[in-house]
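These are my notebook entries on a structure I looked up. Each entry records one region that I examined.

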Amino acid sequence: MSNLPKNSTYLHSFTFFLLFSLGYSPKLFAQNRPAGQVANDKFEQLGPQLPTPNTTRAASGAPGRDYWQQRADYDIKVELDDATQTLTGSETVTYFNNSPDALRFMWLQLDQNIFKKGAARSVLKTGNLQPNMTVATMKAVSEMGYGEQGTGYEILGVKDKAGKPLVFTINNTMMRVEIPTPVAAGQTFSFSVEWKFKVIEFANGGRRTGYEHFASDGNNIYEMAQFFPRMCVYDDVNGWQNKQYIEQGEFALTFGNYKVAITVPADHVLGATGELQNTAQVLSPTQLKRWETAKTASNPVEIVTQAEAETAEKQKSTQKKTWVFKADNVRDFAFATSRKYIWDAMAIDQAGRRVMCMSFYPKEGNPLWGKYSTRAVAHTIKSYSATTIDYPYPTAISCNGPVGGMEYPMICFNGPRPETDGTYSEATKYGLISVVIHEVGHNFFPMIINNDERQWMWMDEGLNTFCQYIAEKQWDYNYPSRRGEAQYITDYMKSDPNTLVPIMTTSDLLISAGNSAYAKPATALNILRETIMGRELFDYAFKEYARRWAFKHPSPVDFFRTMEDASGMDLDWFWKGWFYGKQPVDQSLGEVEWFRINTQNPDVEKPLEKAEANRKAQTMSALRDEKTNTVVNNDPTMKDFYDSYDPSKITKADRDKYANYLTSLLPEERALVEGNSNFYVLNIKNESDNVMPVIVRMQFEDGTDSVARFPAEIWRFNAKTAKKVISTPKKVVQWTLDPFSEIADINPENNSFPRVQTPTRFQLFKQQGSVFGTRGPNPMQLQRAATPAKQGGGGRN
């Protein structure tokens, strides 16, 4: 029997095989197009599709020598009426016109108007009715509920610095203020706005802001954002960015300095953007001592304890207290307040700066929040600082309340809580840690690297989700991350093409934003880091992008150009496929052809030729005819020389010829002939329209393996098929494309040769009436029930 498989072939023309490797001129073949080459545009430059570089935004992706941006400072005073859930406020805005343009009017954002009856958020809702619907589902597909709790802004007045009324026009969520004398380049303009609105109950249509009512004790938690008229961005890209706020697309905001005074019931505990200026006036002497202790603590210290919060819940003070905060060089301001709040804090050192990491949460959040929230805040600041730039602010806060997850400078709102008995599922635990990492991480994107969220959601959500993935793995190597790994995005990538949109889609037009703006760009960046660029090149370029655009307003092209400029890699093909396109990745491995060099050694080749001839002779017909009574068998005179001639017999002439052949070879040629190498031709197909690197694992017959990697440019002359020759001294028994799930291949079933079938598992079950499918106890509850005597504490008091 032969040792060669059916698909093996000898390279009988050794000279032809080595033609190029031995230095023969390729000009011999220049007049003919190489076989298999097909023109395609996958690696054409993006240049014509991108904005032309200028002195404001350089071709390198850095801010140009004439880069400018506006600034808006705020002096805000607000009062919250807990009895009527009404907020009344006034602000003085000082606007710095650093642009080269004279401004005849200014645009402000009135985001609370999204809660008005007839707002675009509600009238643009589409949906269908079903025979059985919950009230929540009905609200989600109709206008019902929007505007019932919140009323939107009531603008009480807009005046200039001298107190003279200014003409203003409200267009849905935007307000234009007309300026009597245009504000010239380099000038400032101050004006004031007074307003009030009814705070929306989050459960009745709230979005990113609102209050939560606790019927058990009659108290509220307020998470207040978009609570003041905010300046729109005026920049070199859009002029005034005054696209309406209709819900999905978030915010574009201007940096400035804030002084904010917030009046609330005297027993409220309040966290906000910036540093508290009047700590001694709002904290008790005991709490003030705890605050001082927390400044040097490496573990969370309770500034306001659960016992103090429970006392406040019952007493409900009718007095007032004003908390004063100052925040410099921030793009927004938010706060959270409640008499239910426990407050803990700890300090970390970040590049020589003290950062106070804090959490505010009700007793309903314990024991989960007390154990994890502030520690997750501190971890996030450390992790993101290493990935981007050092965290520049003095505080970082996580607040529990009705908002599931939302970010603002130095403060964020996070929702997960344990069960009422204090137990929690693994999903709830990691859900809290992940949302804290994600929302605190937003301090970097977009609070510092300040992109236009209204236009490009992926620039903050995608980049932040990528950094979140890194931070999660630094929290725990086995962290159950939901996004980041290439294999996590494949279900989305292979869904109905009519539901897929490119990452480069404006925010309000995104379908499945959780995938298209969070998961897919995060996955793309992880693929760049792990597979295409490598960690060293990627990390340097990513940090350079953060450094260049910290406290500035980057656009997508600034990110693309910086990543290429700082790494020395042409990534236009990748931006085209992953950011401008929506095609999935699907590589397949067809036939693998096996070749071995004909050594011309008669002691090697003739036995192999004989074995192969014998194999081919073993046909069914030959086996059945073996005992046939033939002419030659019956008449020996019909035999001659060739009936006894054995062409496989090795002669002296054969060996002499081989010896002469060896002496004619150069050393490298002889080494190749005597090396007994295996040569394989891989027939690789790109079944989709998205080109990616080719990664192939070879498993050898001795049980070892090896991985070969080929850049995406392997597809540059043919985006659909590629033949790749691989040589190895060992025999390969199994080939696998994308063996480590690196490129988001949607169909791994066609990645192997020979094909490897993967069984699909199914589960049999016995339905048990109404109990089947209902939410059961979490493992912590089951353990507590099994060993009640060993479980003390752990729940709420």
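At roughly what angle do the axes of helix α15 and helix α19 cross? I found that the axes of α15 (residues 602-617) and α19 (residues 652-663) cross at roughly 125° and come within 10 Å.

Basis of the entries. I worked from a predicted model, in which local features need pLDDT of at least 70, side-chain atom pairs count only at pLDDT 80 or more, and totals for chains, interfaces and linings use all residues. Residues are numbered from 1 along each chain as its sequence is written, and side-chain values use heavy atoms, with hydrogens and water left out.

Entry 1, α15 and α19. Helices are DSSP runs of H or I with at least four residues, and strands are runs of E with at least two, numbered from the N terminus. Axes are lines fitted to C-alpha atoms, for helices over the stretch in contact, with angles from 0 to 180 degrees between N-to-C directions. I therefore recorded α15 and α19 as oblique to each other; angles under 35 degrees count as roughly parallel, over 145 as roughly antiparallel, 65 to 115 as roughly perpendicular and the rest as oblique. Pro602, Asp603 and Lys606 of α15 meet Asp654, Arg655 and Tyr658 of α19 (contact: heavy atoms within 4.5 Å).

Entry 2, strand β30. I noted that five of the six residues of β30 (residues 732-737) are buried, so the strand is largely enclosed by the rest of the structure (buried: under 20% relative accessible area, 1.4 Å probe, protein chains only). Strand β27 (residues 694-700) runs antiparallel to β30 and is joined to it by five bridges. β30 also pairs with strand β31 (residues 752-753), in the antiparallel sense, over two bridges (pairing: at least two DSSP bridges between two strands). I looked up Trp735 in β30: Met698 is its bridge partner, and in β31 its partner is Phe753.

I located Ser567 in the loop between α13 (556-565) and α14 (572-580). Ser567 is buried, with a relative accessible area of 9%. Its side chain reaches the backbone oxygen of Met563 at 2.6 Å and the backbone nitrogen of Met569 at 3.3 Å. Leaving aside neighbours within four places in sequence, Ser567 is in contact with Met533, Leu537 and Ala541.

I placed Leu368 in helix α7 (residues 368-387). Leu368 is buried, at 0% relative accessible area. Beyond its neighbours within four places in sequence, its contacts include Arg417, Tyr424 and Leu432.

Methods: Buried < 20%, exposed > 50% of the residue type's maximum accessible area, 1.4 Å probe, protein only. Polar contact = N/O pair within 3.5 Å; in protein donor to acceptor, adjacent residues only side chain to side chain.
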